Amino acid sequence: MSKLDITVNGQIHHLDIPESRTLAQVLRYDLGLTGTKIGCEEAECGICTVLINGTPVNSCIFPAFKAQGREVQTVEGLAQDDGELHPVQQNFIDHGAVQCGFCTPGLMMTATALLNENSDPDDHAIKVALKDTYCRCTGYASVIAAIKSAASEMRGEGSLPVNEPDVSEPMHAISRSVPPQHVREKVTGAAKYTDDYVFDGMLYARTLRAAYPHARILDINTEQARALPGVVAVLTHANVPGENLHGLVYRDWPVLCSDVVRYMGDGVAIVAAETEDIAAEALKLIEVEYEPLPVVGDPKFAHSHEAPILHPHHPTGNLLKHIKVRHGDIEQGFAQADYIVEREYRTPTVEHAFLEPECSIGIPPGVAGHEKLTILVGSQIPYQDRNQIALALGLPEEKVRVIGTLIGGGFGGKEDITGQIHAAMLAQATGRPVKMLYTRQESLIVHPKRHATIIRMKTGATKDGKLVAVEAELYGDGGAYASLSDKVMTRATTHATGPYVVPNAKIDCYAMYTNNPPSGAFRGFGVTQSAFAVESNMDILAEMIGIDPIEFRRLNAQKVGTTTATGQVLRESVGLLETLSHVEQDMMSADGDFHWAWRDGHKAYAWGLACAYKNTGLGGGAPDRAEAEVEAFEDGSVEVRVASADMGQGLAHVVAQCTAEELKLPYNRVRVLLCDTDLTPNGGPTTASRQTFVSGNAARVTSALLREALTRSAAEFLDVPPETLYYEEGLLRHNGKSVELGQLVGWMKGNGLSSKVRHEYHAPATQPLGTGGDMHFAFSYATQAALVEVDMETGAVKVLKIIAGTDIGRAINPLMLQGQVEGGIVMAMGNCLTESYIVENGVPWTNLFARYKMPSIKHAPEIISHLIEDRVSTGPYGAKGVGEICSINTSPAICNAIYHATGVRIFSLPVDQDALLRAIRAGQTEVYTAWHDVR
Amino acid sequence: MKLWNHYHTPHSIDQAIALLNQYQGKAKVVAGGTDLIVELREGHHPIQEALIDVTQIPELTRLTTNNNEIYVGAGVTHSQIVKSAVLVARATCLVESCGVVGGPQVRNVGTLGGNVAHALPAGDGTTSLVALDAKAEIIMSGQRRVVPIAEMFRGPGQSLIDSTRDVIIGFRFVLCSDNEATAFKRIMRPQGVALPILGCAIWVRLNPAQTHFEAARVSIAPIGPTPGRAAEVEAILIGQPATDTIIEQAIETALQILKPRTSKYRATGDYRKEMIAVLLRRTLQLAVQRARTGQAVPEGIGME
Ligand SMILES: Cc1cc2nc3c(=O)[nH]c(=O)nc-3n(C[C@H](O)[C@H](O)[C@H](O)COP(=O)(O)OP(=O)(O)OC[C@H]3O[C@@H](n4cnc5c(N)ncnc54)[C@H](O)[C@@H]3O)c2cc1C
Ligand code: FES
Ligand code: FES
């Protein structure tokens with residue numbers, strides 16, 4: 001221990017701490033300033049940024065004693081003592097620059113340092129300053145707007161207007177850009193994510209991972225680890241009290257491996273110790289004897305006879321699922337075709353790279369005020385977590401409580417079990433709270449990813465531009481365990497015709513088990529992959545036929561009345577043509593005289609366009625429902641409770657807006673309680689763009705029921721007929737008479753009446769694939785056009801502009817919805833241009849954040865977004881899913897643009913400038929390799 | 001996880017050397033820590049008994065000009081280099097190369113000395129120091145020495161000095177005068193590790209009439225296992241007219257003699273060859289233009 005004197009946010013501290021501390025550790029653990037977040041500990045993500053004597057540094061690699069005698073400023077030091085927010089904070093809120101909020105402290109600190117030096121930064125200066133401070137949610141456009149506005153305010157020129165999208169028919173609270181829930185806490189650093197919680201006597205846990213991607217376990221010896229002072233528990237498969245399996249669709253994933261490991265992320269043993277260092281040390285002392293087995297490294301090999309079978313109990317061997325779509329007569333379809341194109345496409349494994357690594361805290365019954373075994377976790381599916389934890393611990397579900405904390409981004413990557421069961425087991429075993437926080441490097445290896453796919457797609461059209469047939473074969477790398485492969489690859493398959501009228505289709509998808517990290521849900525749910533093949537083929541065909549690519553899409557677009565390839569007749573809310581015409585109009589008006597492509601020196605410029613559709617909700621016959629509870633209080637406030645997760649996408653404000661709307665309450669009088677299996681009714685998984693629709697509807701319907709109850713009571717209280725009452729700003733009125741909501745609730749209580757309503761909403765029924773009928777209750781539609789610049793001397797590709805038209809039924813919160821669109825687009829640019837999670841024969845090469853580049857602010861293009869509101873009658877106020885539709889067609893739009901610019905078509909992602917340039921030089925027109933093929 | 005036990009911040013070189021001696025190989029010099037701490041965490045080095053922070057030693061943090069010579073302390077950060085008016089004007093390539101290292105947070109603490117000591121074949125600061133023909137002042141095995149920059153490297157990631165024992169104090173080089181100029185450019189890819197596919201720094205001196213190359217130094221990396229100059233390319237230029245034709249000849253020579261390799265997930269050898277041509281052309285043209293105009297506005301800072 002040594003003396004460290006530092007000033008933090010103006011306060012002098014004399015600390016007596018180990019010299020081995022980093023500044024981030026001192027701030028978070030010694031001073032409890034948990035506003036500073038840790039995302040990677042590699043100096044890559046920048047979210048740990050604090051200011052030292054005004055200069056931004058990454059606190060995760062900054063030795064604490066380097067700060068000796070200096071002044072540190074953290075996010076907690078931005079607001080004034082009286083609580084008044086700093087202009088940067090206020091403008092981040094006002095411009096919608098906060099989604100999950102996990103990156104927000106880092107972005108704001110970096111921005112503050114910039115504004116201290118430069119009172120009027122332009123886009124370029126902002127991009128230079130924030131280049132290595134990442135945000136995975138916003139797409140950066142709102143961040144840039146917020147910083148410029150803060151600068152203007154600090155110059156005394158007032159803040160700048162918010163770039164609010166146009167929407168139709170705004171209501172009382174719906175279609176209003178209210179601030180998201182918890183946003184103030186997120187900008188002040190007060191918001192608590194799982195790792196921000198500490199409990200007295202808390203232990204720290206680590207997991208021993210497999211040493212091979214595929215091996216038999218011969219022996220596990222934990223004796224030495226157990227003997228290490230400070231180690232409190234070491235558990236293996238032998239200590240799993242209940243069933244040693246979990247899984248969302250198939251229960252095939254061991255809690256702790258007993259006989260075989262199937263991927264490098266498999267857990268073999270878990271340790272709880274007094275400190276993280278001791279836990280890490282203990283892992284090194286666990287001896288595991290393995291017999292390595294042959295590795296199944298890719299899905300096609302998995303399907304061959306030579307491949308070892310990875311799950312002997314699975315009835316179809318390594319074939320996790322064969323998914324089929326049959327529609328019309330495929331042979332007759334191709335017989336009618338004048339033009340046929342057939343190509344093979346490849347998409348890589350993609351990592352969610354949510355900025356908050358996974359963390360779970362297990363609290364045993366009787367500790368810290370918890371009556372039952374409680375798990376704190378930032379999870380997308382609290383009720384399924386509880387179910388899986390209970391089964392593994394051999395407990396009835398009522399004996400387990402899962403409390404969802406704020407989530408620092410999910411994107412589908414926080415649906416599966418990671419540390420929840422382990423933390424629960426260790427808490428049970430030790431009788432103490434146990435925190436299991438993954439390092440970024442562990443997170444990279446463990447959680448399920450987006451499926452790598454190989455897609456052979458054959459598309460036929462007549463010479464007048466009518467699609468007649470689609471035949472496709474998809475291979476999806478499902479990895480070691482099923483996760484959501486079945487569902488995800490089903491979506492890839494059913495959407496493989498694109499949003500078009502295709503009378504004849506034959507699509508086969510093979511989801512395969514391999515020894516790679518499992519694949520599961522990822523924003524876009526398989527459709528991202530098939531859309532790349534569909535929309536590339538569309539452009540190839542258009543060129544063969546000699547028809548404009550926009551016209552070709554218009555000719556074939558789904559409309560009301562269209563029957564999809566799964567046999568569903570679309571009855572309403574098919575906004576594709578409208579998205580197309582909005583985008584087309586913008587493209588054409590850009591420069592008066594429109595050209596698809598042009599040159600300027602060694603730079604080639606071009607536009608490319610692609611369309612997409614995406615289902616809302618689980619569909620396929622799965623009962624899709626959510627329960628909500630709404631309660632009015634004597635202080636005039638209302639609380640709405642659902643167990644759905646808000647991972648930054650904004651479910652909380654959607655639910656609050658629905659309630660505020662139904663009760664005509666000011667939005668700030670509505671509180672939201674999410675994700676507590678004891679306090680909030682089941683909202684189902686936050687996946688498949690379903691929450692706005694399903695939980696939004698649950699809140700809407702339940703609030704309406706509460707309104708009826710309130711109206712009845714108010715009628716009695718005021719002695720007026722109920723039908724003459726109306727709601728206005730927290731009052732129930734009748735002519736001259738009125739009663740405050742709070743007063744009414746007090747009266748109800750006094751008369752033994754409940755002011756709480758609970759109700760389960762059931763979404764419209766759907767049909768399983770293969771049975772015809774409605775497989776989904778709604779689809780969202782999108783068109784995007786990308787303007788790219790290709791350096792013809794280096795092959796480097798830059799996206800300059802994206803024009804997006806997105807049909808989402810209704811924009812419940814226009815500004816936050818625009819943030820979803822912008823964030824989805826930039827995330828999809830990563831899918832196209834920068835991201836590939838590389839696995840070499842089962843061994844992840846991508847085991848560092850430094851090896852995985854997602855788009856930074858410097859990649860952020862200009863985004864012009866049109867929201868199209870083609871209402872769906874069953875949605876809340878007409879809304880349908882938004883989370884995924886904006887992230888699907890960006891990749892093909894960019895690749896179509898690259899083709900127009902260079903004459904070279906990309907068949908494998910992410911685009912490799914190396915291969916692109918060599919193709920340009922060699923006069924080749926097709927590139928079948930990607931970045932990860934450079935070897 | 002704990003990566004070191006003790007942290008010392010000596011205020012003189014003697015103290016630093018004494019501390020290193022005291023730990024007998026179990027302590028390392030640290031400057032910005034942007035390489036070292038990240039590598040410690042990745043397990044590339046054992047847990048250090050101590051880190052010896054050299055950034056509070058006056059000799060290492062100085063940036064001083066003496067007539068045409070400049071001294072840049074090894075502990076001077078990339079950000080300080082980018083902000084130095086004299087370097088911007090008279091050693092532009094160094095500003096351009098330090099200006100593209102990482103993001104602001106890395107540049108605010110990462111140092112030129114750390115870049116050289118890390119000894120990557122394509123460390124950006126290093127590439128420019130080679131073109132500037134800098135000399136490193138070091139303490140090696142207790143002896144103060146002055147070493148030409150090219151002799152500072154023994155292999156990929158291996159520098160001449162052993163940072164459990166030795167210290168780089170600073171760098172000296174001659175600033176550009178009339179008719180002289182420098183430029184640096186690099187080619188990156190948006191995927192994978194943030195190291196250049198190829199970087200190129202050039203120093204040129206034109207004759208007083210500004211028609212011919214009087215002298216040139218060309219540094220292209222990574223080509224070999226260590227940073228170094230392309231002497232054959234320099235030879236083509238010297239004494240010849242400063243025209244595009246000669247630049248193309250230099251490129252041709254470079255393509256004949258330089259044999260870039262394919263490196264996994266970075267670049268193919270063929271692509272690197274293409275980039276040699278592109279970079280040499282762009283960088284040489286820029287350097288010549290700067291030498292002629294006497295004006296140098298650094299390009300690509302913070303973004304390339
Ligand atoms: C996100 C990120 C991006 C990066 N991008 C780039 C890039 O684009 N280009 C690039 O070239 N580099 C890049 N780097 C690498 C790194 O930032 C630079 O090499 C930097 O200059 C290292 O300096 P430092 O002071 O941080 O070194 P440190 O990490 O402190 O030290 C590095 C090594 O040098 C030794 N050392 C340091 N100073 C001395 C000294 N004075 N005497 C003796 N030994 C010494 C240390 O013992 C250690 O072995 C990047 C790093 C990160 C984290
Ligand atoms: S840069 Fe510090 S946590 Fe990522
Ligand atoms: S809001 Fe930036 S990472 Fe979520």
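A salt bridge is taken here as a side-chain nitrogen of Lys or Arg within 4 Å of a carboxyl oxygen of Asp or Glu. By that criterion, B:D124 forms a salt bridge with B:R186, the closest N and O atoms being 2.5 Å apart. The pair links distant parts of the chain, since B:D124 belongs to helix α9 (residues 124-131) of chain B and B:R186 to strand β11 (residues 180-187) of chain B, 62 residues apart.

The model is predicted, and for that reason local features need pLDDT of at least 70 and side-chain atom pairs count only at pLDDT 80 or more, while totals for chains, interfaces and linings use all residues. Residues are numbered from 1 along each chain as its sequence is written, chains are lettered from A and ligands numbered from 1 in the order in which they are written, and side-chain values use heavy atoms, with hydrogens and water left out.

**Salt bridges**

Helices (H or I, at least four residues) and strands (E, at least two) are DSSP runs, numbered from the N terminus. For solvent exposure, buried means under 20% relative accessible area, exposed means over 50%, and partly exposed lies in between (1.4 Å probe, protein chains only). In these terms B:D124 is buried at 6% relative accessibility, and B:R186 is buried as well, with a relative accessible area of 10%.

A search of the whole structure finds 76 salt bridges over all chains. One of them joins A:D678 to A:K372, with the closest N and O atoms 3.1 Å apart. Because A:D678 lies in the loop between β25 (670-674) and α19 (691-718) of chain A, and A:K372 in the loop between β14 (359-363) and β15 (373-377) of chain A, this pair ties together parts that are 306 residues apart in sequence. A:D678 is partly exposed, with a relative accessible area of 33%, and A:K372 is partly exposed at 21%.

In another pair, A:K506 is partly exposed, with a relative accessible area of 27%, whereas A:D508 is buried at 7%.

| Salt bridge | Closest N and O atoms |
|---|---|
| B:D124 and B:R186 | 2.5 Å |
| A:D678 and A:K372 | 3.1 Å |
| A:K506 and A:D508 | 3.6 Å |

Salt bridges also link A:E627, A:E629, A:E631, A:E639, A:R641, A:R671 and A:R758 in a network.

**Surface charge and a buried lysine**

On the surface, A:D81, A:D82, A:E84, A:D94 and A:E153 gather in a patch of negative charge. Such patches are made of residues with over 30% relative accessible area and no salt bridge, like charges being joined within 9 Å and nonpolar side chains (Val, Leu, Ile, Met, Phe, Trp, Tyr) within 5 Å.

A:K414, by contrast, counts as buried at 4% relative accessibility, and is found in the loop between β16 (400-404) and α12 (420-430) of chain A. With contact meaning heavy atoms within 4.5 Å, and residues up to four places away in sequence not counted, A:K414 touches A:F354, A:E356, A:G378, A:S379, A:Q380, A:I381, A:I407, A:G408 and A:G409.

**Backbone features**

A cis peptide bond joins A:L909 and A:P910, with omega about -5 degrees, and A:P910 is found in the loop between β35 (905-906) and α23 (913-922) of chain A. In chain B, the peptide bond from B:A221 to B:P222 is cis, with omega near 0 degrees, and B:P222 is found in the loop between β13 (213-221) and α10 (231-237) of chain B.

A:E41, a residue other than glycine, has a positive phi near 55 degrees; A:E41 lies in the loop between α1 (23-30) and β3 (49-52) of chain A and is buried, with a relative accessible area of 17%. A:D719 is not a glycine but has a positive phi of about 60 degrees; A:D719 is found in the loop between α19 and β26 (726-728) of chain A and is exposed, with a relative accessible area of 66%.

**A covered helix**

Helix α4 (residues 123-130) of chain A is mostly covered, six of its eight residues being buried. The buried residues of α4(A) are A:A125, A:I126, A:K127, A:V128, A:A129 and A:L130, and these pack against α3 (104-117) and α5 (141-154) of chain A together with α7 (104-109) of chain B.

Conventions. Accessible areas come from the Shrake-Rupley method with a 1.4 Å probe; for residues, only the protein chains shown count as cover. Lys and Arg count as positive and Asp and Glu as negative; His and the chain ends are not counted. The place of a charge is taken as NZ of Lys, CZ of Arg, CG of Asp or CD of Glu.
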